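Here's a quick briefing to read with the model open in your viewer. It goes topic by topic, with cut-offs given as the terms come up.

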Amino acid sequence: LNVILACTVPKVITLWLDFGQDLVKRKKEKENLPKRRSAHASYLHIEDRTKYLHMINSQVDKYLAKKLPAYVSYTAWAQLLSRIDVPEESTSVVLEKIICSVATRYPRQTLWSLLALTKSNSPEKKNNGIRVIRTIKGTKSNLSEIVSSGESMANSLLQVCQMPLPPTAKGYKTLSKDFQFMKLLDRSCQLSVPVQKTLVANLPSAAGNEAMRTNNPYGNRII
């Protein structure tokens, strides 16, 4: 089952998001059609595709955002974040629901990449990422604390990256001694150490609802 999930979920998400993006493209094409051809715009199948997209959005929302365990969507976490700027509005709403459901369930693992999104050079991705972070903060008080600690760590690391090295600097440098890193942090970080052992989720090896329901993707691997 773990192989099936890892291969199938990203493909389903790709088909879904591409379908929504294609609909936006077709609507723009219709707007650019000459008036004399407006009556023949049915070749774009916009009305049918809009209806089908609403049906797909409803099913994706039902299963990936609500019904299935959050670790199922986490198998395509990087893909979900990379497509957060999908231009189709109703699809974007469902996509953000899925991202929020995964991030609120596994904040210690997901916030590393989600916080990086808020520093994106793309205005759409940055704004959508900030909106998701605000939504997560508003769900539970403990989540707000975890997010704030992650933000502090991310901002401190960025400050270190921008610090100039002395011209005479040689050899290895340490965060604590040479960059006074601990002074930059205003709180301890509650995120997991970002290594493969702590970030990769264990998927159920057996099929069936019970196996999926009882599967613990991280066990006690909070480091």
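A residue counts as buried under 20% relative accessible area, as exposed over 50%, and as partly exposed in between, using a 1.4 Å probe and protein chains only. This is a predicted model, where local features need pLDDT of at least 70, side-chain atom pairs count only at pLDDT 80 or more, and totals for chains, interfaces and linings use all residues. Residues are numbered from 1 along each chain as its sequence is written, and side-chain values use heavy atoms, with hydrogens and water left out.

**Helix α8**

- Helices here are DSSP runs (H or I, at least four residues) and strands are runs of E (at least two), numbered from the N terminus.
- Helix α8 covers residues 141-162, and its 22 residues should span 32 Å at 1.5 Å a residue; the expected span is 1.5 Å times one less than the number of residues.
- The end C-alpha atoms of α8 sit 32 Å apart, so the model agrees with that expectation.
- Buried residues of α8 include Leu-143, Ile-146, Val-147, Met-153 and Val-160, with Ser-148, Ser-149, Gly-150, Ser-152 and Ser-156 also on the list.
- Among the elements covering those buried residues are α5 (89-105), α6 (107-117), α7 (123-137), α9 (175-178) and α10 (181-184).
- Leu-157 is also in α8, but counts as partly exposed because its relative accessibility is 31%.
- Contact means heavy atoms within 4.5 Å; leaving aside neighbours within four places in sequence, Leu-157 is in contact with Trp-112 and Phe-181.
- Leu-157 and Leu-175 are 18 residues apart in sequence and 9.4 Å apart in space, C-alpha to C-alpha.

**Aromatic pairs**

- Rings of Phe, Tyr and Trp (its six-membered ring) pair if their centres lie within 6.5 Å; planes under 30 degrees apart are stacked, over 60 edge-to-face, and the rest tilted.
- Searching the whole structure turns up three aromatic pairs.
- One of them is Tyr-74 with Trp-77, a tilted pair at 6.2 Å centre to centre with 35 degrees between the planes; both residues are buried.
- Tyr-106 and Tyr-218 have ring centres 5.3 Å apart and planes at 65 degrees, so this pair is edge-to-face.
- Tyr-106 is in the loop between α5 and α6, while Tyr-218 is in the segment after α12 (209-214), so the pair ties together parts 112 residues apart in sequence.
- Tyr-106 counts as buried at 6% relative accessibility, and Tyr-218 is buried with a relative accessible area of 4%.
- Tyr-74, Trp-77, Tyr-106 and Tyr-218 make up one aromatic cluster.

**The loop between α4 and α5**

- Arg-83 lies in the loop between α4 (77-82) and α5, and is buried at 16% relative accessibility.
- Not counting residues up to four places away in sequence, Arg-83 touches Leu-17, Asp-18, Gln-21 and Leu-95.
- Asp-85 lies in the loop between α4 and α5 as well, and is partly exposed with a relative accessible area of 31%.
- Leaving aside neighbours within four places in sequence, Asp-85 is in contact with Ser-122, Glu-124, Lys-125 and Asn-128.
- Asp-85 and Ser-141 are 56 residues apart in sequence and 28 Å apart in space, C-alpha to C-alpha.
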